[in-house]
Amino acid sequence: MLAKTYGSAVYGVNASVITIEVAVGQGLGFHLVGLPDSAVKESEERVEASLKYFGYKMPRQKVVVNMAPADLRKEGSAYDLPIALCILQASEQLTFERKLEDYVIMGELSLDGILRPIKGVLPIAIEARKRGYKGFILPAANAHEAAIVNNLDIIPVENLMDAVGYLEGSKAIEPLVTDTRDLFEHNLNAYDADFSHVQGQENIKRALEIAAAGGHNVIMIGPPGAGKTMLAKRLPTILPPLTLNEALETTKIHSVAGKLGSRATLVATRPYRSPHHSISDAALVGGGSFPQPGEISLAHNGVLFLDELPEFKRTALEVMRQPLEERKVSISRARFAVEFPANFMLIASMNPCPCGYYNHPDKECVCGPGVVQRYLNKVSGPLLDRIDLHVEVTPVSFDQMTSTRPAEDSATIRERVINARQIQSQRFAGQDGIYSNAMMPSQMVKEVCAISSAGLALLKTAMDRLGLSARAYDRILKVSRTIADLAGTEEIRIEHLAEAIQYRSLDRENWAG
């Protein structure tokens with residue numbers, strides 16, 4: 001007898017429907033076909049143990065499990081549950097009142113029939129609704145994540161018998177329903193950190209406000225203990241709130257990577273990722289034999305913080321250059337290619353030298369001649385070219401640390417950032433893929449960032465006297481445009497240009513001595 005149901009496989013951040021067919025007939029042996037990997041092949045033992053635990057039996061006949069399309073590789077252990085249910089029906093041990101063909105079914109079985117959580121539930125649920133299936137039967141631990149998708153019955157089951165009882169009609173399981181918009185609005189901007197916790201560092205807060213308003217990348221240079229990491233952690237709190245579409249897109253990526261955790265729901269806050277400097281190229285940008293999203297994709301719509309930038313492997317930093325420009329990463333394999341979104345703000349920090357005290361106001365640098373420059377050269381010019389703001393961080397004085405004067409909170413700063421972003425939304429309304437000043441191509445800069453003759457003279461003088469490189473020109477104009485947007489002015493004034501010029505520390509000749 002033949003039984004059929006549907007599962008799913010996730011490629012990139014999208015899911016494909018997999019047809020699972022089980023035929024039980026004359027002969028012996030368990031045969032699994034359809035390009036399964038080792039984890040799928042091992043389902044025989046897990047399924048058999050689960051069936052026996054609940055008093056059923058594995059057929060002592062020929063069992064053929066086909067997973068179509070057969071030329072698409074199937075990975076993971078999430079096909080255990082649909083295979084087990086099809087075996088029960090195909091071997092005529094059970095007759096289901098509800099049709100298996102009406103559902104997408106996924107879940108990993110333990111030896112006692114308990115269902116373990118799986119990855120990629122959200123894109124699977126989206127695809128199931130798109131294909132018009134009646135419902136999605138899945139582990140209870142993943143149900144809240146899947147319930148984000150409406151117009152699809154989400155059936156949470158704790159074990160194999162729950163699924164059997166539901167399909168037989170002997171056990172009533174109410175579909176899980178979630179008010180996605182209410183959930184989204186309830187968790188919006190639920191951050192633990194806040195800029196009001198930071199005393200002093202007003203110039204750095206101003207630089208991060210400009211970065212948030214224009215979507216600019218930032219590098220902070222300063223001695224250890226100056227507060228670079230603390231400031232970077234608070235940057236997501238001043239970014240504009242996620243839209244519902246951005247939240248769904250971000251949640252899909254974290255779902256595919258298995259980063260949501262048990263009973264997690266919608267990601268409603270801007271992601272903040274801070275990988276260690278020992279990270280590999282593939283872990284940073286994504287990859288593997290079966291490509292998974294890397295840290296730059298997990299930071300999509302949020303912030304990627306690279307602490308101690310020169311300590312990262314040169315190759316790992318260089319593979320970020322293309323995603324920084326294109327806002328996505330493409331990973332190609334012999335049989336297929338996947339694409340992960342990677343629209344993130346890069347925030348990097350570094351010490352100015354190996355000892356950390358070059359240009360320190362109180363402590364003396366002990367690095368030898370040329371050591372500082374060699375340390376800075378660990379970060380390539382092309383990567384620095386993609387960072388708009390270079391900010392020098394100095395230690396906070398004792399008076400500032402002990403001050404009882406309340407610091408400006410994140411909500412107040414965020415309001416100014418949102419207003420500046422709204423101006424940019426109107427400016428780039430007809431431009432596909434451009435949402436902020438940082439995304440402007442070079443040909444648009446001259447039109448959008450027009451400056452007066454006095455401003456042009458100031459910029460020329462600054463480039464000559466400070467020895468600024470040619471690559472700094474466009475960056476200064478983009479940042480000055482953002483500063484003007486924060487000020488609510490149509491034209492870029494002299495003071496806006498002057499402030500933008502000071503954020504190009506590493507472009508100055510002889511900055512490192």
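Colleague: Leaving aside its neighbours within four places in sequence, which residues is F136 in contact with?

Modeller: This is a predicted model, and in it F136 is in contact with Y103, V104, M106, V121, I124, A125, A146, L152, D153, I154 and I155, once the neighbours within four places in sequence are set aside. F136 also belongs to the largest nonpolar core, which has 113 residues, and it stands with L85, I137 and M320 as those with the most contacts inside that core. The largest share of this core, eight residues, is supplied by helix α3, residues 80-90. Apart from it lies another core, of 50 residues, including L235, L239, F428 and L486.

Colleague: How should I read a helix such as α4, and which of its residues are buried?

Modeller: The general idea is that an α-helix has 3.6 residues a turn, so residues three or four places apart point the same way. In helix α4, which spans residues 121-131, the buried residues are V121, L122, P123, I124, A125, E127 and A128. The elements that cover these buried residues include strands β1 (2-11), β2 (14-25), β5 (103-105) and β8 (135-139), together with helices α5 (143-146) and α10 (244-256). Just after α4, G132 takes a positive phi of about 85 degrees.

Colleague: What is the order of the strands in the open sheet of five?

Modeller: In general, strands of a sheet pair through backbone hydrogen bonds, either parallel or antiparallel. Here the order is β11-β14-β17-β10-β18, and the pairing is parallel. The edge strands, each of which pairs on one side only, are β11 (272-273) and β18 (389-392). Helix α8, residues 202-214, packs on the sheet, where it touches β10 (218-221), β17 and β18, and its direction makes about 165 degrees with that of β18. Within the sheet, β14 (residues 303-306) and β17 (residues 345-350) pair in the parallel sense over four bridges, and L306 stands opposite A348 in β17.

Colleague: How many disulfides does a search of the whole structure find?

Modeller: The search finds zero disulfides, where a disulfide would need a pair of cysteine sulfur atoms within 2.5 Å.

Note on methods:
Residues numbered from 1 in each chain as written. Predicted model: local features only at pLDDT ≥ 70, side-chain atom pairs only at ≥ 80, totals over all residues. Heavy atoms only, no water. Buried < 20%, exposed > 50% of the residue type's maximum accessible area, 1.4 Å probe, protein only. Helix = DSSP H or I, 4+ residues; strand = E, 2+ residues; numbered from the N terminus. Contact = heavy atoms within 4.5 Å. Pairing = 2+ DSSP bridges. Axes fitted to C-alpha atoms, helices over the stretch in contact; angles between N-to-C directions. Core = buried A, V, L, I, M, F, W, Y, C linked by side-chain atoms within 4.5 Å.
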